[in-house]
Amino acid sequence: MLVALLPGDGIGPEVIDQTRRVLDALGPLGLTYEEAFVGGAAYKAKGHPLPSETLELAKRADAILFGAVGDPDCDSLERSLRPEQAILGLRKELALFSNLRPAKMFPQLADASALRPEVAGAIDLMIVRELNGDVYFGEKGMRKTADGLREGYDIMSYNEAEVSRIAHSAFRTAQARRGKLCSVDKANVLETSQLWRDVVIEVSKDYPDVALSHMYVDNAAMQLVRNPGQFDVIVTGNLFGDILSDQASMCVGSIGLLASASLDANGKGLYEPIHGSAPDIAGQGKANPLATILSAAMMLRYSLGLPDAADRIEAAVAKALANGARSGDIGGSMSTREMGDAVLAVL
Ligand code: IPM
Ligand code: MG
(Lines give C-alpha, C1' and ligand atoms only; values in the text may rest on other atoms or scores of the structure.)
(Ligands and ions follow the chains in the order given, each with its own letter.)
Protein backbone atom coordinates (compact mmCIF):
# COMPACT_ATOMS: atom_id res chain seq x y z
CA MET A 1 0.00 0.00 0.00
CA LEU A 2 1.26 3.41 -0.98
CA VAL A 3 1.30 6.33 1.45
CA ALA A 4 1.84 9.82 0.03
CA LEU A 5 3.89 11.92 2.43
CA LEU A 6 3.25 15.65 2.07
CA PRO A 7 5.21 17.43 4.83
CA GLY A 8 4.55 20.97 3.59
CA ASP A 9 5.64 24.09 5.45
CA GLY A 10 6.77 25.31 8.84
CA ILE A 11 6.67 22.59 11.46
CA GLY A 12 5.12 20.16 8.94
CA PRO A 13 8.41 18.42 8.03
CA GLU A 14 9.43 18.13 11.71
CA VAL A 15 6.22 16.45 12.83
CA ILE A 16 6.13 14.18 9.75
CA ASP A 17 9.72 13.03 10.45
CA GLN A 18 8.77 11.84 13.92
CA THR A 19 5.64 10.18 12.60
CA ARG A 20 7.70 8.26 10.04
CA ARG A 21 9.95 6.99 12.84
CA VAL A 22 6.90 5.77 14.76
CA LEU A 23 5.42 4.04 11.69
CA ASP A 24 8.76 2.35 10.98
CA ALA A 25 8.99 1.15 14.59
CA LEU A 26 5.78 -0.83 14.17
CA GLY A 27 7.64 -3.35 12.02
CA PRO A 28 6.71 -4.43 8.51
CA LEU A 29 3.20 -3.20 7.66
CA GLY A 30 3.50 -3.53 3.89
CA LEU A 31 3.62 0.25 3.40
CA THR A 32 5.71 2.15 0.88
CA TYR A 33 6.15 5.91 0.98
CA GLU A 34 6.54 8.58 -1.67
CA GLU A 35 7.10 12.20 -0.75
CA ALA A 36 6.16 15.37 -2.61
CA PHE A 37 6.20 19.14 -2.17
CA VAL A 38 3.06 20.92 -1.07
CA GLY A 39 2.11 24.45 0.06
CA GLY A 40 4.66 27.25 0.25
CA ALA A 41 7.48 24.72 -0.14
CA ALA A 42 5.93 23.61 -3.43
CA TYR A 43 5.45 27.19 -4.58
CA LYS A 44 9.12 27.89 -3.92
CA ALA A 45 10.33 24.69 -5.60
CA LYS A 46 7.81 24.35 -8.44
CA GLY A 47 5.92 27.63 -8.75
CA HIS A 48 2.58 26.24 -7.52
CA PRO A 49 1.29 25.23 -4.05
CA LEU A 50 -0.27 22.05 -5.45
CA PRO A 51 1.92 20.95 -8.38
CA SER A 52 0.44 18.42 -10.79
CA GLU A 53 2.88 15.70 -9.68
CA THR A 54 1.79 16.17 -6.06
CA LEU A 55 -1.88 15.91 -7.00
CA GLU A 56 -1.13 12.88 -9.17
CA LEU A 57 0.68 11.17 -6.26
CA ALA A 58 -2.20 11.96 -3.90
CA LYS A 59 -4.67 10.41 -6.35
CA ARG A 60 -2.52 7.31 -6.86
CA ALA A 61 -1.81 6.71 -3.16
CA ASP A 62 -3.93 4.58 -0.85
CA ALA A 63 -3.68 7.25 1.83
CA ILE A 64 -2.09 10.66 2.32
CA LEU A 65 -0.20 11.80 5.40
CA PHE A 66 -0.10 15.57 5.44
CA GLY A 67 1.92 17.93 7.65
CA ALA A 68 0.82 21.56 7.41
CA VAL A 69 0.75 24.42 4.93
CA GLY A 70 1.14 28.15 5.46
CA ASP A 71 4.11 30.43 4.97
CA PRO A 72 4.21 34.16 5.77
CA ASP A 73 6.54 34.68 2.78
CA CYS A 74 3.58 33.79 0.57
CA ASP A 75 0.95 36.03 2.19
CA SER A 76 1.16 38.68 -0.50
CA LEU A 77 0.79 36.26 -3.41
CA GLU A 78 -2.50 36.20 -5.27
CA ARG A 79 -4.90 33.87 -3.47
CA SER A 80 -4.69 31.03 -6.01
CA LEU A 81 -0.95 30.70 -5.33
CA ARG A 82 -1.09 30.79 -1.54
CA PRO A 83 -0.10 27.67 0.41
CA GLU A 84 -3.60 27.15 1.87
CA GLN A 85 -4.90 26.52 -1.65
CA ALA A 86 -2.96 23.24 -1.63
CA ILE A 87 -4.97 21.68 1.16
CA LEU A 88 -8.23 23.15 -0.12
CA GLY A 89 -7.39 21.83 -3.60
CA LEU A 90 -6.59 18.34 -2.32
CA ARG A 91 -9.83 18.19 -0.34
CA LYS A 92 -11.84 19.25 -3.38
CA GLU A 93 -10.00 17.32 -6.12
CA LEU A 94 -10.12 14.08 -4.13
CA ALA A 95 -13.71 14.70 -2.91
CA LEU A 96 -12.61 14.37 0.72
CA PHE A 97 -15.88 15.72 2.08
CA SER A 98 -16.01 14.15 5.53
CA ASN A 99 -13.58 15.53 8.07
CA LEU A 100 -13.41 13.62 11.35
CA ARG A 101 -11.83 15.57 14.20
CA PRO A 102 -11.89 13.62 17.46
CA ALA A 103 -11.25 15.41 20.75
CA LYS A 104 -10.76 13.27 23.81
CA MET A 105 -9.22 14.23 27.09
CA PHE A 106 -6.07 12.40 28.07
CA PRO A 107 -6.51 12.01 31.85
CA GLN A 108 -2.76 12.57 32.19
CA LEU A 109 -3.19 16.09 30.78
CA ALA A 110 -6.08 17.44 32.80
CA ASP A 111 -3.83 20.25 34.02
CA ALA A 112 -3.01 21.36 30.45
CA SER A 113 -6.62 22.14 29.56
CA ALA A 114 -7.88 25.70 29.67
CA LEU A 115 -10.93 24.29 31.50
CA ARG A 116 -11.32 23.04 35.06
CA PRO A 117 -10.21 19.39 35.28
CA GLU A 118 -13.68 18.10 36.19
CA VAL A 119 -15.13 19.82 33.10
CA ALA A 120 -12.31 18.87 30.74
CA GLY A 121 -12.16 15.29 31.98
CA ALA A 122 -15.55 14.54 30.42
CA ILE A 123 -14.52 15.46 26.84
CA ASP A 124 -14.90 12.62 24.39
CA LEU A 125 -16.40 13.98 21.20
CA MET A 126 -16.05 13.81 17.46
CA ILE A 127 -16.55 16.78 15.18
CA VAL A 128 -17.70 15.75 11.70
CA ARG A 129 -16.96 18.77 9.55
CA GLU A 130 -18.15 19.10 5.96
CA LEU A 131 -15.11 19.87 3.85
CA ASN A 132 -16.08 20.43 0.22
CA GLY A 133 -18.61 23.25 0.32
CA ASP A 134 -19.85 26.29 2.24
CA VAL A 135 -18.36 29.75 2.09
CA TYR A 136 -14.92 28.16 1.53
CA PHE A 137 -15.73 27.20 -2.05
CA GLY A 138 -18.41 29.70 -3.06
CA GLU A 139 -17.89 32.53 -5.48
CA LYS A 140 -15.64 35.14 -3.94
CA GLY A 141 -14.00 38.34 -4.95
CA MET A 142 -13.40 42.02 -4.48
CA ARG A 143 -15.63 44.64 -6.06
CA LYS A 144 -16.66 48.27 -5.75
CA THR A 145 -19.99 49.30 -4.30
CA ALA A 146 -22.16 51.86 -6.10
CA ASP A 147 -20.55 54.55 -3.90
CA GLY A 148 -17.08 53.39 -4.88
CA LEU A 149 -16.23 51.57 -1.63
CA ARG A 150 -14.11 48.43 -1.84
CA GLU A 151 -16.15 45.35 -0.93
CA GLY A 152 -15.06 41.75 -0.38
CA TYR A 153 -17.59 38.94 -0.77
CA ASP A 154 -17.73 35.18 -0.29
CA ILE A 155 -20.91 33.31 -1.13
CA MET A 156 -22.11 30.74 1.40
CA SER A 157 -24.19 27.87 0.02
CA TYR A 158 -24.95 24.19 0.46
CA ASN A 159 -27.10 22.05 -1.77
CA GLU A 160 -29.15 19.18 -0.40
CA ALA A 161 -26.89 16.47 -1.83
CA GLU A 162 -23.88 17.94 -0.05
CA VAL A 163 -25.74 18.12 3.25
CA SER A 164 -27.21 14.67 2.87
CA ARG A 165 -23.89 12.91 2.31
CA ILE A 166 -22.19 14.53 5.32
CA ALA A 167 -25.29 13.83 7.42
CA HIS A 168 -25.13 10.13 6.54
CA SER A 169 -21.45 10.11 7.41
CA ALA A 170 -22.18 11.74 10.77
CA PHE A 171 -25.11 9.45 11.63
CA ARG A 172 -22.96 6.40 10.90
CA THR A 173 -20.19 7.86 13.06
CA ALA A 174 -22.68 8.36 15.89
CA GLN A 175 -23.95 4.79 15.53
CA ALA A 176 -20.40 3.54 16.06
CA ARG A 177 -20.05 5.70 19.18
CA ARG A 178 -22.61 6.63 21.86
CA GLY A 179 -25.51 7.21 19.46
CA LYS A 180 -25.87 10.99 19.94
CA LEU A 181 -25.62 13.53 17.15
CA CYS A 182 -25.78 17.31 17.52
CA SER A 183 -26.13 19.26 14.28
CA VAL A 184 -24.69 22.76 14.57
CA ASP A 185 -25.97 25.56 12.34
CA LYS A 186 -27.16 29.16 12.34
CA ALA A 187 -30.69 28.50 11.11
CA ASN A 188 -32.07 31.52 12.97
CA VAL A 189 -30.25 33.78 10.49
CA LEU A 190 -28.94 31.85 7.46
CA GLU A 191 -30.92 30.19 4.66
CA THR A 192 -27.96 27.87 4.08
CA SER A 193 -28.43 26.67 7.64
CA GLN A 194 -32.20 26.28 7.27
CA LEU A 195 -31.67 23.89 4.37
CA TRP A 196 -28.93 22.15 6.37
CA ARG A 197 -31.30 21.59 9.28
CA ASP A 198 -34.18 20.41 7.06
CA VAL A 199 -31.97 17.87 5.27
CA VAL A 200 -30.39 16.58 8.49
CA ILE A 201 -33.88 15.95 9.85
CA GLU A 202 -34.85 14.10 6.65
CA VAL A 203 -31.75 11.91 6.82
CA SER A 204 -32.38 11.19 10.52
CA LYS A 205 -35.38 9.03 9.51
CA ASP A 206 -32.87 6.39 8.35
CA TYR A 207 -31.22 6.33 11.78
CA PRO A 208 -33.89 5.83 14.45
CA ASP A 209 -31.19 4.54 16.82
CA VAL A 210 -29.37 7.91 16.86
CA ALA A 211 -30.63 10.74 19.11
CA LEU A 212 -30.49 13.91 17.02
CA SER A 213 -30.39 17.43 18.44
CA HIS A 214 -29.77 20.86 16.90
CA MET A 215 -27.79 23.78 18.24
CA TYR A 216 -26.96 27.25 16.97
CA VAL A 217 -23.26 27.73 16.48
CA ASP A 218 -22.93 30.56 18.99
CA ASN A 219 -24.53 28.41 21.66
CA ALA A 220 -22.36 25.46 20.62
CA ALA A 221 -19.25 27.57 21.16
CA MET A 222 -20.48 28.38 24.64
CA GLN A 223 -21.53 24.81 25.47
CA LEU A 224 -18.14 23.49 24.38
CA VAL A 225 -16.50 25.33 27.27
CA ARG A 226 -19.43 25.15 29.69
CA ASN A 227 -20.22 21.45 29.45
CA PRO A 228 -18.30 19.67 26.66
CA GLY A 229 -19.15 16.27 28.14
CA GLN A 230 -22.68 16.61 26.71
CA PHE A 231 -21.40 16.05 23.16
CA ASP A 232 -20.84 12.76 21.39
CA VAL A 233 -20.81 13.60 17.66
CA ILE A 234 -21.16 17.14 16.30
CA VAL A 235 -21.91 17.59 12.59
CA THR A 236 -21.47 21.00 11.03
CA GLY A 237 -20.47 22.91 7.94
CA ASN A 238 -17.01 23.80 6.75
CA LEU A 239 -16.63 27.21 8.39
CA PHE A 240 -18.27 26.45 11.73
CA GLY A 241 -16.36 23.17 11.90
CA ASP A 242 -13.06 24.94 11.33
CA ILE A 243 -13.70 27.24 14.27
CA LEU A 244 -15.25 24.76 16.68
CA SER A 245 -12.49 22.21 16.16
CA ASP A 246 -9.78 24.69 17.15
CA GLN A 247 -11.85 25.51 20.19
CA ALA A 248 -12.31 21.84 21.08
CA SER A 249 -8.57 21.32 20.86
CA MET A 250 -7.88 23.95 23.48
CA CYS A 251 -10.51 22.39 25.75
CA VAL A 252 -8.53 19.15 25.53
CA GLY A 253 -5.25 20.88 26.30
CA SER A 254 -3.46 21.77 23.12
CA ILE A 255 -3.95 22.05 19.41
CA GLY A 256 -0.76 19.96 19.24
CA LEU A 257 -2.77 16.88 20.21
CA LEU A 258 -5.67 16.78 17.75
CA ALA A 259 -5.61 14.47 14.77
CA SER A 260 -7.94 14.42 11.79
CA ALA A 261 -9.09 12.29 8.90
CA SER A 262 -10.58 13.68 5.69
CA LEU A 263 -12.42 10.91 3.88
CA ASP A 264 -14.04 10.39 0.51
CA ALA A 265 -17.07 8.18 -0.09
CA ASN A 266 -14.89 5.06 -0.36
CA GLY A 267 -12.76 5.47 2.76
CA LYS A 268 -9.71 6.87 1.04
CA GLY A 269 -8.34 9.63 3.16
CA LEU A 270 -5.96 12.42 3.91
CA TYR A 271 -4.66 12.52 7.47
CA GLU A 272 -3.34 15.65 9.10
CA PRO A 273 -2.97 17.33 12.46
CA ILE A 274 -5.56 20.07 12.86
CA HIS A 275 -2.86 22.59 13.69
CA GLY A 276 -1.18 24.74 11.10
CA SER A 277 2.43 25.34 10.09
CA ALA A 278 3.25 27.48 13.17
CA PRO A 279 5.92 29.60 11.43
CA ASP A 280 6.85 31.22 14.76
CA ILE A 281 8.37 27.96 16.05
CA ALA A 282 9.30 26.30 12.74
CA GLY A 283 12.75 24.74 12.56
CA GLN A 284 13.33 25.04 16.30
CA GLY A 285 12.38 21.50 17.28
CA LYS A 286 9.62 22.78 19.57
CA ALA A 287 6.56 21.40 17.83
CA ASN A 288 4.49 18.67 19.41
CA PRO A 289 4.40 15.73 16.93
CA LEU A 290 1.63 13.85 18.74
CA ALA A 291 -1.25 15.24 16.63
CA THR A 292 0.46 13.94 13.49
CA ILE A 293 1.40 10.64 15.10
CA LEU A 294 -2.25 10.20 16.12
CA SER A 295 -3.31 11.14 12.57
CA ALA A 296 -1.15 8.28 11.30
CA ALA A 297 -3.04 5.97 13.66
CA MET A 298 -6.31 7.16 12.11
CA MET A 299 -4.81 6.47 8.67
CA LEU A 300 -3.96 2.90 9.62
CA ARG A 301 -7.46 2.37 10.97
CA TYR A 302 -9.66 4.12 8.39
CA SER A 303 -7.81 3.74 5.08
CA LEU A 304 -5.26 0.96 5.40
CA GLY A 305 -7.17 -1.72 7.29
CA LEU A 306 -4.57 -2.01 10.07
CA PRO A 307 -6.57 -1.39 13.26
CA ASP A 308 -4.14 -3.29 15.50
CA ALA A 309 -1.25 -1.07 14.43
CA ALA A 310 -3.50 1.97 15.05
CA ASP A 311 -4.27 0.72 18.55
CA ARG A 312 -0.56 0.27 19.25
CA ILE A 313 0.21 3.86 18.28
CA GLU A 314 -2.66 5.29 20.33
CA ALA A 315 -1.70 3.22 23.37
CA ALA A 316 1.94 4.26 23.01
CA VAL A 317 1.01 7.95 22.89
CA ALA A 318 -1.16 7.60 26.00
CA LYS A 319 1.66 5.76 27.79
CA ALA A 320 4.27 8.33 26.74
CA LEU A 321 2.07 11.07 28.19
CA ALA A 322 1.55 9.02 31.37
CA ASN A 323 5.33 8.66 31.58
CA GLY A 324 5.58 12.45 31.61
CA ALA A 325 6.40 13.29 27.98
CA ARG A 326 5.64 17.01 27.63
CA SER A 327 6.45 19.43 24.82
CA GLY A 328 6.16 23.18 25.35
CA ASP A 329 2.48 23.41 24.38
CA ILE A 330 1.51 21.02 27.19
CA GLY A 331 3.63 22.48 29.93
CA GLY A 332 7.00 20.83 29.35
CA SER A 333 10.21 21.47 27.48
CA MET A 334 10.80 18.33 25.41
CA SER A 335 11.81 18.75 21.79
CA THR A 336 9.93 17.37 18.81
CA ARG A 337 12.44 14.55 18.55
CA GLU A 338 12.34 13.78 22.27
CA MET A 339 8.56 13.48 22.04
CA GLY A 340 9.07 11.03 19.16
CA ASP A 341 11.64 9.16 21.27
CA ALA A 342 9.15 8.93 24.15
CA VAL A 343 6.61 7.22 21.89
CA LEU A 344 9.28 4.95 20.38
CA ALA A 345 10.47 3.97 23.85
CA VAL A 346 7.02 2.58 24.62
CA LEU A 347 6.71 0.80 21.28
C1 IPM B 1 -7.83 23.53 9.01
C2 IPM B 1 -7.11 24.76 8.55
C3 IPM B 1 -7.45 25.03 7.09
C4 IPM B 1 -8.93 25.28 7.01
C5 IPM B 1 -6.64 26.16 6.42
C6 IPM B 1 -5.15 25.91 6.50
C7 IPM B 1 -7.06 26.38 5.00
O8 IPM B 1 -7.41 25.83 9.37
O9 IPM B 1 -7.61 22.46 8.43
O10 IPM B 1 -8.59 23.62 9.98
O11 IPM B 1 -9.38 26.41 7.20
O12 IPM B 1 -9.66 24.33 6.74
MG1 MG C 1 -8.57 25.31 11.08
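These legends go with a few close-up views of a predicted model.

**View 1. Ligand 1 and the residues around it.** Five names to look for here: Arg91, Arg101, Arg129, Tyr136 and Asp242 surround ligand 1. Sort that shell by residue class and you get four charged residues, one nonpolar and no polar ones. As for where ligand 1 sits, the space it takes up is the largest pocket.

**View 2. Arginine side chains at the oxygen atoms of ligand 1.** Start with arginine 91, where a polar side-chain atom comes to 2.7 Å from an oxygen atom of ligand 1. Arginine 101 also puts a polar side-chain atom by the ligand, 2.8 Å from an oxygen atom. Then there's arginine 129: an N or O atom of its side chain is 2.8 Å from an oxygen atom of ligand 1. On its own, ligand 1 would expose 320 Å², and the protein buries 78% of that.

**View 3. An aromatic pair, tyrosine 158 with tryptophan 196.** The aromatic pairs come to two in the count, and one of them is shown here, with ring centres 5.3 Å apart. The planes of tyrosine 158 and tryptophan 196 meet at 50°, so this pair goes down as tilted. If you're wondering about those two numbers, a pair of aromatic rings is described by the distance of the centres and the angle of the planes.

View 4. Zoom out a bit and tyrosine 158 turns up in the loop between β7 (150-154) and α6 (160-175). Tryptophan 196 belongs to helix α7 (residues 191-204).

Terms used. Residues are numbered from 1 along each chain as its sequence is written. Chains are lettered from A and ligands numbered from 1 in the order in which they are written. This is a predicted model: local features need pLDDT of at least 70, side-chain atom pairs count only at pLDDT 80 or more; totals for chains, interfaces and linings use all residues. Side-chain values use heavy atoms; hydrogens and water are left out. A residue is near a molecule or strand if one of its heavy atoms lies within 4 Å of it. A polar contact is a pair of N or O atoms within 3.5 Å; within protein, one must be able to donate a hydrogen and the other to accept it, and residues adjacent in sequence count only if both atoms are side-chain atoms. Accessible areas come from the Shrake-Rupley method with a 1.4 Å probe; for residues, only the protein chains shown count as cover. On a 1 Å grid over the protein atoms alone, a cavity is a set of points where a 1.4 Å probe fits but cannot get out, and a pocket is an open set with protein on both sides within 12 Å along at least five of seven lines; lining residues have an atom within 4 Å of a point. A molecule sits in a cavity or pocket if more than half of its atoms lie within 2 Å of its grid points. Ala, Val, Leu, Ile, Met, Phe, Trp, Tyr, Cys and Pro count as nonpolar, Asp, Glu, Lys and Arg as charged, and the others, Gly among them, as polar. Rings of Phe, Tyr and Trp (its six-membered ring) pair if their centres lie within 6.5 Å; planes under 30 degrees apart count as stacked, over 60 as edge-to-face and the rest as tilted. Helices (H or I, at least four residues) and strands (E, at least two) are DSSP runs, numbered from the N terminus.
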